[in-house]
Amino acid sequence: MRLFSYILIFILILFSSFSLRLKNPIELIDFNSSECLNENIGERNYLNRIVEHSISEDIHNYEIFVVTNCSRASEGEVELKNDTLNLIYHGYRKTDTIIENKTDSTETLVITEWVEEYADCDCAFNLKYKIKGLKNMKYVVLANNKPIQKTEHKYPVKQKPAFDIIDNDTINYIDIYGHKQGLHIWRLNDNRIYAKINFKDNVKFSGLSSTKYNFDEFEKIEIYMDQGEYTKMKYYKNGEVFKICDTEGVFFEEGTNCIYPSEKE
């Protein structure tokens, strides 16, 4: 009788294991998330997309790019329903609740819970999944239940490139995503230059950011930037540079380090 009970338990364990495999035919054997890629998320309309997909020794490797909440990409899961593969990402935070025994203050009970994280910011992430058990077939791929595709484009394609050619130089270039690239020049109605600055993916990068004419006692003040940061301001009087000052990154918030070119003569 005891032998029969052992055999029955063994059969139940095998059946249970087999049932679990049927319900979850694939296995996520590795998940990796990059650090938060702070790439001017608020200024750019990124596409969630498949960056790479490869198969090595029956292991499917997926790398995807997603923009999501800063705390929502630390954990990964996978789901397979028919021909649809769902690549899941989320974040959890561990919390411990301590409950004291009212009859004996020396005894405590610790209850551990994992709650979904949510931060007050968004980031871009590269997420990598290694999945075992997938067939060598084309799947419909989702990222957190939303369709994604493999594409070389970081952003939605909006238009044909647009640009101007001045003195054999290409300026005012706007790419297929609607982003400013390279040198852009703005002029006032009287043809005076207002800005002459280089862009990188629609973000100001270096050059003359703006010009203020007839400001206070100066004929003009030019504001410059480099590597995406404001660096200096040039003040003009009588058609010449009166002084050059460091800036602390805000228009007309002048630093203390100023030089006077006229004094060197």
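Biologist: Which residue stands opposite Lys146 in E10?
Modeller: Ala143 does. This is a predicted model, in which local features need pLDDT of at least 70 and side-chain atom pairs count only at pLDDT 80 or more, while totals for chains, interfaces and linings use all residues. Residues are numbered from 1 along each chain as its sequence is written, and side-chain values use heavy atoms, with hydrogens and water left out.

Biologist: How many bridges join E9 to E10?
Modeller: Two bridges join these antiparallel strands, and strands pair if DSSP finds at least two bridges between them. A strand is a DSSP run of at least two residues, numbered from the N terminus.

Biologist: In what order do the four strands of the open sheet run?
Modeller: The order is E4-E5-E9-E10, with mixed pairing. Strand E4 (75-81) and strand E10 (146-147) are the edge strands, since each pairs on one side only.

Biologist: Why is Phe31 called buried?
Modeller: Its relative accessibility is 18%, and buried means under 20% relative accessible area, exposed over 50% and partly exposed in between (1.4 Å probe, protein chains only). Tyr129, at 1%, is also buried.

Biologist: What makes Phe242 and Tyr260 an aromatic pair of the edge-to-face kind?
Modeller: The distance is 5.6 Å centre to centre, with 90° between the planes. Phe242 lies in strand E18 (residues 240-247), and Tyr260 in the segment after strand E19 (254-259), 18 residues apart.

Biologist: Why is Phe242 called partly exposed?
Modeller: Phe242 has a relative accessible area of 30%, so it is partly exposed. Tyr260, with 29%, is partly exposed as well.

Biologist: How many aromatic pairs does the count come to?
Modeller: Nine. Tyr46, Phe65, Tyr155 and Tyr177 form one aromatic cluster.

Biologist: How do you know that the charged end of Lys200 sits over the ring of Phe205?
Modeller: The charged end is 5.9 Å from the ring centre. The rule asks for NZ of Lys or CZ of Arg within 6 Å of the ring centre and within 35 degrees of the ring normal. Lys232 lies over the face of Tyr224, at 5.4 Å from the ring centre.

Definitions and conventions. Phe/Tyr/Trp six-rings, centres within 6.5 Å; stacked < 30°, edge-to-face > 60°.
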